[in-house]
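Subject: Structure handover

Hello,

Here is the structure we discussed, with its sequence.

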Amino acid sequence: MSGDWSSILALLGKENGTDAADAPDSVRVPWRLYHDLARDCIERPLVIAQIGQSLDGRIATASGHSHYINGPESLDHLHRLRAIADAVIVGASTAALDNPRLTTRRVSGPNPIRVVIDPNRRVPTDHALLAEPDAETLLVTSRNVSGLPPHCSVLTPEGDAEQVSPNLLLEQLRKKGLRTILIEGGGNTISRFMTAGLIDRLHIAVAPMLIGSGRPGLDLPEIETLASARRFETRTYALGVDTLFDCRLS
């Protein structure tokens with residue numbers, strides 16, 4: 001993210017022609033949170049992970065249906081994170097199943113570079129990330145790829161070609177000058193970055209909904225006792241009927 005935090009906040013605050021200070025309560029957003037995020041992004045490289053889930057920790061049904069667990073205010077928040085980020089990362093399963101665009105179309109602000117971890121080439125070429133030129137897209141794969149449109153390019157992963165290393169991928173993105181990285185999904189991709197200790201801020205938007213059997217938001221290594229559980233500074237914000245947990249992991 002380039003510029004200073006005040007200019008970034010000014011940009012984000014002009015959505016739909018409304019200044020943040022004049023916004024009615026129904027659309028008021030947690031500007032303290034964006035102030036802190038913008039400041040941190042300017043001061044140092046930052047990795048943010050975003051999860052939208054139900055009260056029982058599910059990000060989708062067992063069949064993979066997830067549109068939409070969270071309400072419109074949480075979706076706006078996610079798009080603001082994209083506007084702050086230099087790059088947004090998704091795994092192949094999320095890209096193939098959800099067919100996301102990963103743009104900032106709900107808010108003001110630039111589109112981030114889209115990074116798709118797809119070592120086995122599972123994402124169809126007609127999906128939005130590869131077919132729509134809304135933003136530059138990096139396809140992380142060691143497979144031979146031909147016929148990509150001009151907005152797409154291949155980023156050959158370092159190390160194990162079949163299991164992309166979060167550490168090595170982050171190093172590659174840093175070398176490209178991408179400082180603020182958003183890990184958007186899915187649960188497996190976020191869990192791998194979390195296990196590697198690479199996430200600085202974890203955002204979990206919890207919807208007042210119970211799904212039951214389904215796909216978990218996080219799948220982390222087992223621990224024996226709660227003494228080994230991770231605890232960290234957390235602030236909460238209301239996003240419509242949802243509750244956002246802003247967790248500082250670093």
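A residue is called buried under 20% relative accessible area, exposed over 50%, and partly exposed in between. By that rule Arg235, with a relative accessible area of 23%, is partly exposed. Please keep in mind that this is a predicted model.

Salt bridges

The whole structure contains 14 salt bridges. Arg235 takes part in one with Asp36, at 2.7 Å from N to O. This pair ties together distant parts of the chain, as Arg235 lies in strand 10 (residues 233-239) and Asp36 in helix 2, 199 residues apart.

Asp36 also forms a salt bridge with Arg39, whose closest N and O atoms are 3.6 Å apart. Both residues sit in helix 2 (residues 31-43), and because they are three residues apart, about one helical turn separates them. Asp36 is buried at 7% relative accessibility, while Arg39 is partly exposed at 29%.

A further salt bridge joins Arg44 and Asp200, with the closest N and O atoms 3.7 Å apart. Here too distant parts of the chain are linked: Arg44 is in the loop between helix 2 and strand 1, Asp200 is in the loop between helix 7 and strand 8, and 156 residues separate them. Arg44 is partly exposed at 32%, whereas Asp200 is buried at 12%.

Through shared partners, salt bridges join Asp36, Arg39, Asp40, Arg201, Glu233, Arg235, Asp246 and Arg248 into one network.

Helix 3

Helix 3 covers residues 72-84 and reaches 19 Å from its first C-alpha to its last, close to the expected 18 Å. Of its 13 residues, 10 are buried, including His77, His79, Arg80 and Arg82.

Regards

Terms used
Residues are numbered from 1 along each chain as its sequence is written. This is a predicted model: local features need pLDDT of at least 70, side-chain atom pairs count only at pLDDT 80 or more; totals for chains, interfaces and linings use all residues. Side-chain values use heavy atoms; hydrogens and water are left out. Helices (H or I, at least four residues) and strands (E, at least two) are DSSP runs, numbered from the N terminus. The expected span of a helix is 1.5 Å times one less than its number of residues. Buried means under 20% relative accessible area, exposed over 50%, partly exposed in between (1.4 Å probe, protein chains only). A salt bridge is a side-chain nitrogen of Lys or Arg within 4 Å of a carboxyl oxygen of Asp or Glu.
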